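Please keep the sequence and the model at hand while reading.

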Amino acid sequence: MMEIETAAKKIMNEEAVNAYPDECCGFMFGQEDGSGYRTVRLAMPVINASVENRKRRFEVSPKDYISAEKYALDNQLLLLGVYHSHPDHPAEPSEHDRIAAQPWFSYVILSVLKGVVNNTRSWLLNDESHFEEEQLN
C-alpha cells in the first residue's frame, strides 16, 4: 500500500499536464514502514530522455538515476520508484513499462486525457516479472 502526500501529488499532476501530449517522468522519494506501507513525500521531475516517440515512451537517463540515488542517501529518504504519464491512455503499464521495470520500485502512472489528469494508479513488479496493482491510499 502506498500514500502520496499532497505536495508530491501536486508536482506529479502538474508535470503530467505540462508535458501533455508527451509523457512526463520523475522519481518518488519517501519512507517505508516495517509493514511495507510506503509514503511518498517528494516527487522530483526529470527530463524524458527518450529518443523515440515521447508521446508513447519515457526514459530516465543514467545520470538522472544516479543523481536520484545520491539525493535519497543525502536526505535520509528511500528512492521508492518512478512516476510517468500516459497521454490519452489508461493508467495501466505497457509491455515497454514492464520490460524496463525494476523489482521493489513502485511505478505510478497518471492517465492524462485531453490535458487533464483523470486517473492515477500504482504498480509493483511481482516475482514472475508481471505487474500487480499497488493500492493507493
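The model is predicted. It holds seven aromatic pairs, and eight residues listed below form one aromatic cluster. The largest pocket has a volume of about 350 Å³.

**Aromatic residues**

- The aromatic cluster is made up of Phe 27, Phe 29, Tyr 65, Tyr 71, Trp 104, Phe 105, Tyr 107 and Phe 131.
- Seven aromatic pairs are present in the structure. Among them is the pair of Tyr 65 and Phe 105, which counts as tilted because the ring planes stand at 45 degrees, with the centres 6.4 Å apart. The angle falls between the limits of 30 degrees for stacked and 60 degrees for edge-to-face.
- Tyr 65 belongs to helix α2 (residues 62-74), while Phe 105 is in the loop between α3 (95-100) and β5 (106-113), so their contact ties together parts that lie 40 residues apart in sequence.
- The two partners are described by separate accessibility values: Tyr 65 is partly exposed, at a relative accessible area of 26%, whereas Phe 105 is buried, at 6%. The cut-off for a buried residue is under 20%.
- Trp 104, a member of the aromatic cluster, also meets a charge: the charged end of Arg 38 sits over its ring, 4.2 Å from the ring centre.

**The largest pocket**

- The volume of the largest pocket is about 350 Å³. Its lining consists of 21 residues, of which Phe 58, Glu 59, Val 60, Ala 100 and Ala 101 are the closest to the centre.
- At least two lining residues come from each of β4 (78-87), α3 and β5. The largest share, three residues, is supplied by α3.
- By residue type, the lining of the largest pocket comprises 13 nonpolar, four polar and four charged residues.

- Helix α1 covers residues 6-19 and includes Ala 7. Ala 7 counts as exposed, with 51% relative accessibility, as the cut-off for exposed is over 50%.
- The C-alpha atom of Ala 7 is 7.5 Å from that of Arg 41, although the two residues are 34 residues apart along the chain.
- Helix α2 has 13 residues and spans 18 Å from its first C-alpha to its last, close to the expected 18 Å at 1.5 Å a residue.

**Backbone features in the loops**

- Tyr 20 and Pro 21 are joined by a cis peptide bond, for which omega is about 15 degrees. Pro 21 is located in the loop between α1 and β2 (25-32).
- Gln 76 is placed in the loop between α2 and β4, and its relative accessible area of 65% makes it exposed.
- Ser 129, likewise not a glycine, has a positive phi of about 60 degrees. Ser 129 is part of the loop between β6 (116-125) and β7 (131-134), and counts as partly exposed at 34% relative accessibility.

Notes. Residues are numbered from 1 along each chain as its sequence is written. This is a predicted model: local features need pLDDT of at least 70, side-chain atom pairs count only at pLDDT 80 or more; totals for chains, interfaces and linings use all residues. Side-chain values use heavy atoms; hydrogens and water are left out. Helices (H or I, at least four residues) and strands (E, at least two) are DSSP runs, numbered from the N terminus. Buried means under 20% relative accessible area, exposed over 50%, partly exposed in between (1.4 Å probe, protein chains only). Rings of Phe, Tyr and Trp (its six-membered ring) pair if their centres lie within 6.5 Å; planes under 30 degrees apart count as stacked, over 60 as edge-to-face and the rest as tilted. A charge sits over a ring if NZ of Lys or CZ of Arg is within 6 Å of the ring centre and within 35 degrees of the ring normal. On a 1 Å grid over the protein atoms alone, a cavity is a set of points where a 1.4 Å probe fits but cannot get out, and a pocket is an open set with protein on both sides within 12 Å along at least five of seven lines; lining residues have an atom within 4 Å of a point. Grid points are joined across faces, edges and corners, and a volume is the space filled by probe spheres set on the points. Ala, Val, Leu, Ile, Met, Phe, Trp, Tyr, Cys and Pro count as nonpolar, Asp, Glu, Lys and Arg as charged, and the others, Gly among them, as polar. The expected span of a helix is 1.5 Å times one less than its number of residues.
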